[in-house]
Amino acid sequence: MKEDFLKYQAQTSSHPLAMEISHAKGSYIYNTNNKAYLDFVAGVSACPLGHNHPKVVSAIKDQLDKYMHVMVYGEYAQKPAVELAKLLAKNLPESLSKTYLTNSGTEAIEGALKLARRATGRSEIIAANKAYHGNTMGSLSIMGYEERKQAFRPLLPDVRFIEFNNEKDLQHITTKTACVILETIQGGAGFIVPKNNYLEKVRAQCDKVGALLILDEIQPGLGRTGTLFGFQNYNCIPDILVTGKALGGGMPIGAFTASSSLMDLLMNNPKLGHITTFGGHPVIAASALATLKEITNSKLMQQALEKELLFRKLLVHPLIKEIRGIGLMLAIITPSETITNSLVLESQNQGLILFWLLFEPKAVRITPPLTISNEEITKGCSIIIGILNNI
Ligand SMILES: Cc1ncc(COP(=O)(O)O)c(C=O)c1O
């Protein structure tokens with residue numbers, strides 16, 4: 001399979017891990033030799049309930065038996081999508097009441113940017129250095145990492161960058177600004193958490209100049225930081241919330257949520273302001289609904305913070321310079337890229353899945369399923385410490 005994978009499936013890296021997958025269950029992924037790998041990555045934060053959670057699988061199967069795709073987004077009332085949007089609203093501040101469902105995170109970002117321009121009649125978009133919001137042209141335009149976007153220029157005009165957590169840069173948010181878009185916790189940059197009430201200050205400056213605030217919660221979302229969404233840890237409510245990854249419970253999804261007065265602007269000038277064929281797909285929405293129900297009805301969110309403490313207690317080593325992040329969105333910072341590479345690659349040999357972050361070569365991602373047990377955390381951490389001891 002590996003040979004055909006490399007030959008027929010388009011590659012974006014010269015050294016993919018190329019593990020040959022057989023099946024996955026709970027916190028484990030199995031290769032075709034039936035070797036079990038403990039998963040500390042969860043499909044890059046996309047499998048909050050682990051693999052093949054019975055409630056999610058059963059919701060998908062039930063929906064498959066009823067209907068799959070029947071109509072483009074927004075024309076027919078389809079129960080899974082309606083209930084998902086309603087349950088999201090129930091768990092969000094009152095102003096975030098209406099949700100548009102998309103097929104991926106980056107597509108939800110595109111919708112949010114369009115909505116901000118449509119609502120303000122302004123064009124300037126402010127994003128952060130080292131931000132990652134996806135890979136379509138709009139999202140690429142607001143990526144704060146020139147090396148990865150240079151080859152695709154020209155991109156969107158009127159995009160300006162500020163430094164995350166730098167209050168002085170907030171003066172660049174002016175009456176020309178349509179929106180400021182930030183990750184609540186910067187992911188690709190190395191799990192950088194907002195400090196000194198930074199988000200509150202961004203919110204205040206946006207309010208002062210009439211700019212909209214978009215928070216990208218595609219990674220912190222759905223319980224990973226101890227609250228359903230990361231922004232709920234801070235005193236800052238965005239005008240547009242963008243979600244994805246974990247929301248799908250292992251299926252492809254994205255969503256942006258705003259007030260109905262904002263969202264209804266997509267109905268006119270022009271009409272059909274944002275359209276998609278498959279967004280809100282009933283099978284995917286059923287998976288998302290089951291996932292959201294399980295996370296909001298269980299203790300998984302609170303337990304994420306207890307599990308963080310266990311990781312921090314066990315991951316003490318001279319080669320671990322820092323552990324960044326909150327809850328189960330953690331990054332080990334090693335002294336060098338070489339050590340990070342050795343740790344990620346050797347862990348795979350030893351049956352533990354770790355992964356890199358996009359723009360921080362010294363970081364090792366730890367974003368396990370929220371359902372991971374204390375025993376599994378202990379087992380994985382002892383593999384990490386063992387590898388570091390041998391470096
Ligand atoms: C913060 C953030 N925004 C946007 C995206 C893009 O989401 P997708 O890959 O589903 O398009 C990602 C994906 O990694 C992300 O981490």
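Predicted model: local features only at pLDDT ≥ 70, side-chain atom pairs only at ≥ 80, totals over all residues.
Residues are numbered from 1 along each chain as its sequence is written, and side-chain values use heavy atoms, with hydrogens and water left out.

Let's start with an open sheet of four strands, in the order 1-2-3-13 and with mixed pairing. Strand 1 (21-25) and strand 13 (352-353) each have a single partner strand, so one side of each is left without a neighbour in the sheet. Strands here are DSSP runs of E with at least two residues, helices are runs of H or I with at least four, and both are numbered from the N terminus. Two strands count as paired if DSSP finds at least two bridges between them. As background, strands of a sheet pair through backbone hydrogen bonds, either parallel or antiparallel.

Now follow the chain through that sheet. Strand 1 and strand 2 pair in the antiparallel sense over four bridges, with I21 standing opposite N31 in strand 2. Their hairpin has two residues between the strands, and G26 takes a positive phi near 60 degrees. Next, strand 2 (residues 28-31) pairs with strand 3 (residues 36-39), again antiparallel, over three bridges. Y28 has L38 as its bridge partner in strand 3, while I29 has Y37. This hairpin has four residues between its strands, and N34 in the turn has a positive phi of about 65 degrees.

There's another open sheet of four strands, this one antiparallel and in the order 11-12-15-14. Its edge strands are strand 11 (322-326) and strand 14 (355-356), each pairing on one side only. Strand 14 pairs with strand 15 (residues 363-366) over two bridges, and F355 has R365 as its bridge partner in strand 15.

On to the ligand. Which residues are around it? They are S104, G105, T106, Y132, H133, G134, E183, D216, I218, Q219 and K245, where being near takes a heavy atom within 4 Å. This shell divides into two nonpolar, six polar and three charged residues.

One of its nitrogen atoms is 2.6 Å from an N or O atom in the side chain of D216. An oxygen atom of the ligand is 2.8 Å from a polar backbone atom of T106, and an oxygen atom is 3.0 Å from an N or O atom in the side chain of K245. The protein covers 81% of the 390 Å² of accessible area that the ligand has on its own, by the Shrake-Rupley method with a 1.4 Å probe.

Last stop: the lining of the second largest pocket. Helix 4 (79-90) and strand 4 (98-102) each supply at least two residues of this lining. The lining divides into 19 nonpolar, twelve polar and four charged residues.

Definitions and conventions:
Polar contact = N/O pair within 3.5 Å; in protein donor to acceptor, adjacent residues only side chain to side chain. Nonpolar A, V, L, I, M, F, W, Y, C, P; charged D, E, K, R; others polar.
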